[in-house]
Amino acid sequence: LARKHANDTRAVMRSRLYSRLFPATRISAAKDTELEFATTRGGNRLATSVGGTLTGRGGNFVIIDDPMKPQEAYSEATRDSVKQWFSNTLLTRLDDKTQDAIVVVMQRLHVDDLVGYLLEQGGWAHLNLPAIAETDSRIALSPTRSHLRRAGDLLHPEREPREVLDQLGRSMGS
């Protein structure tokens, strides 16, 4: 998955739209490997997996996307391993710990998964977007803009229409 995301990023950055929006930024020929590249404007992108090596690396913006598979959530050892990797390896890699950011994108798999652990620690902003909104909620988009999501609204009805979500609910349970 890390390779796929790295290649997807490369495809976006080589697109005409990206070139129009960011005309001075290109992938640098000096550093362009499958999992890592640099840009002509001094940026870098590294793709790795949970448990992957980050020794000697730093960053300003870290995205953790689905740190474990759903079937792994039943394993206390796997959950603990993900939390240990996060706390002992990744968390120390921010270049400026007062300004930089870590974003975790995942479906909740267990009360003791990575998000559960982080929420227990405190200090994290939590954006919960269920496929079907459970209550009315106002979601901040910027300091001056927000989106009102009403109870029953679907997150992405074109991709997951109500019939599909209802069938999943019957198959999977709550």
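Here, contact means heavy atoms within 4.5 Å. Keep that cut-off in mind for the close-ups below, which come from a predicted model.

**View 1. Phe-86 and the residues it touches.** Leaving out residues up to four places away in sequence, Phe-86 touches Ile-64, Leu-91, Ile-102, Leu-114, Leu-118 and Trp-124.

**View 2. The largest nonpolar core has 15 residues.** Which of them touch the most other members? That group is Val-62, Ile-64, Trp-85, Phe-86, Leu-90, Ile-102 and Leu-114. Strand E4 (61-65), helix H3 (76-90) and helix H4 (114-121) each put at least two residues into this core. H3 gives the largest share, with 4 residues. As background, nonpolar side chains in soluble globular proteins tend to be buried together.

**View 3. Ser-28 sits in strand E1 (residues 27-32).** Is Ser-28 buried or exposed? Ser-28 counts as buried because its relative accessibility is 15%, and the cut-off for buried is under 20%. A polar atom of the Ser-28 side chain lies 3.0 Å from the backbone nitrogen of Ala-30. Skipping residues up to four places away in sequence, Ser-28 touches Ala-38, Thr-39 and Thr-40.

**View 4. Asp-66 is found in the loop between E4 and H3.** Check the backbone here: Asp-66 isn't a glycine, yet its phi is positive, at about 45°. For context, most residues other than glycine have a negative phi. As for accessibility, Asp-66 counts as partly exposed because its relative value is 40%, and that class runs between the 20% and 50% cut-offs.

Notes. Residues are numbered from 1 along each chain as its sequence is written. This is a predicted model: local features need pLDDT of at least 70, side-chain atom pairs count only at pLDDT 80 or more; totals for chains, interfaces and linings use all residues. Side-chain values use heavy atoms; hydrogens and water are left out. Buried means under 20% relative accessible area, exposed over 50%, partly exposed in between (1.4 Å probe, protein chains only). A polar contact is a pair of N or O atoms within 3.5 Å; within protein, one must be able to donate a hydrogen and the other to accept it, and residues adjacent in sequence count only if both atoms are side-chain atoms. A nonpolar core is a set of buried Ala, Val, Leu, Ile, Met, Phe, Trp, Tyr and Cys residues joined through side-chain atoms within 4.5 Å.
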